[in-house]
Amino acid sequence: MSAAPAGPLPVSADAPAAPPAPVAASPQLRLLLTPPPARRGWRLVPARVAALCAIELQKLRHDRVELYTRAVQPALWLLIFGETFTRIKAIPTGGIPYLDYLAPGIIAQSAMFIAIFYGIMIIWERDSGVLTKLLVTPTPRAVLVTGKAFAAGVKSVVQAVVVVLIAAVLGVSMTWNPLRLLGVAVVVVLGSAFFACLSMSIAGIVLTRERLMGIGQAITMPLFFGSNALYPVAVMPGWLQAVSKVNPLSYEVDALRGLLLGTPAHLWLDLGVLVLAAVLGVGAASALMGRLAR
């Protein structure tokens, strides 16, 4: 006779229970348990730049007082200087109202005034120990400087939006073409990146906030008056025309006028000069960044 099939073995009450089946971890839990792979190569630069730009936007979102106070000076330039010289017609502007001619120059001026003191933040980070921590990370110095320079550009774009809105309220005839406005943002970012790098380079030389404040105040107005922000280059004396030709602010203003007002401009030359200036600025600031950490 064949043996009967054996039934299930009895389970003792003291026997340990079988372990539960593993539950698939959610994507958020996996991110906490396993860090994401480090970005390498070409992905490192945009990641660091985007992170530092996001920090600047967070600062503006939490503290808008700086944005409001910085809007006062451009408004005064447009309201007082612009309206007055529009009435007296003392400056040749090629047939457009002087207030329209002035508005792009004030946009560039506002962006420059934000960026030219950006080195103070670098010195503050040095004093608080933040800069030392950043420099010991695998991030190259050039990438760090580029991120901070374009973060200053993001802040300047926000300031430029405020000035554009003020100019629109005052009746300035500007284009609202999205592509041209995107070009305006690119020009403002490039110009601000150069002046931020100039400020960080000065910070790497003088090493103190007080000296940087003094030098910044000493060079901002010559840069502004030595450009075509207030008057055409043709009405300048010869020596000032030479200064204007090597002043990146002049190329920024020329590009902004061409994009916003449709006046004749040398857009490709302006963009080329601004890109070259930003690249040279990043190189100079990167070379001097190590002095701040000593």
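Student: Which residues have the most contacts inside the largest nonpolar core?
Tutor: In this predicted model, the largest nonpolar core has 68 residues, and those with the most contacts inside it are Leu78, Ile107, Phe195, Met200, Phe224 and Met289. The largest share of this core, 13 residues, is supplied by helix 9, which covers residues 178-206.

Student: And what is phenylalanine 195 in contact with, leaving aside its neighbours within four places in sequence?
Tutor: With those neighbours left aside, phenylalanine 195 is in contact with Met112, Ala115, Ile116, Leu223, Leu249 and Glu252.

Student: How do helix 4 and helix 8 pack, at what angle and how far apart?
Tutor: Helix 4 (residues 72-88) and helix 8 (residues 141-169) pack at an angle of about 30°, with their axes 10 Å apart. Angles under 35 degrees count as roughly parallel, and the two helices are therefore roughly parallel to each other. Helix 4 passes helix 8 in a right-handed crossing.

Student: Which residues meet there?
Tutor: From helix 4, Pro74, Ala75 and Leu78 meet Gln159, Val163, Ile166 and Ala167 of helix 8.

Student: Last one: where is leucine 207, and what is its phi?
Tutor: Leucine 207 sits in the loop between helix 9 and helix 10, and has a positive phi of about 70° although it is not a glycine. Most residues other than glycine have a negative phi. Leucine 207 is partly exposed, with a relative accessible area of 25%.

Methods: Residues are numbered from 1 along each chain as its sequence is written. This is a predicted model: local features need pLDDT of at least 70, side-chain atom pairs count only at pLDDT 80 or more; totals for chains, interfaces and linings use all residues. Side-chain values use heavy atoms; hydrogens and water are left out. A nonpolar core is a set of buried Ala, Val, Leu, Ile, Met, Phe, Trp, Tyr and Cys residues joined through side-chain atoms within 4.5 Å. Buried means under 20% relative accessible area, exposed over 50%, partly exposed in between (1.4 Å probe, protein chains only). Helices (H or I, at least four residues) and strands (E, at least two) are DSSP runs, numbered from the N terminus. Contact means heavy atoms within 4.5 Å. Axes are lines fitted to C-alpha atoms, for helices over the stretch in contact, and angles run from 0 to 180 degrees between N-to-C directions. Angles under 35 degrees count as roughly parallel, over 145 as roughly antiparallel, 65 to 115 as roughly perpendicular and the rest as oblique. A crossing is left-handed if the near helix is turned anticlockwise from the far one by less than a right angle, and right-handed if clockwise.
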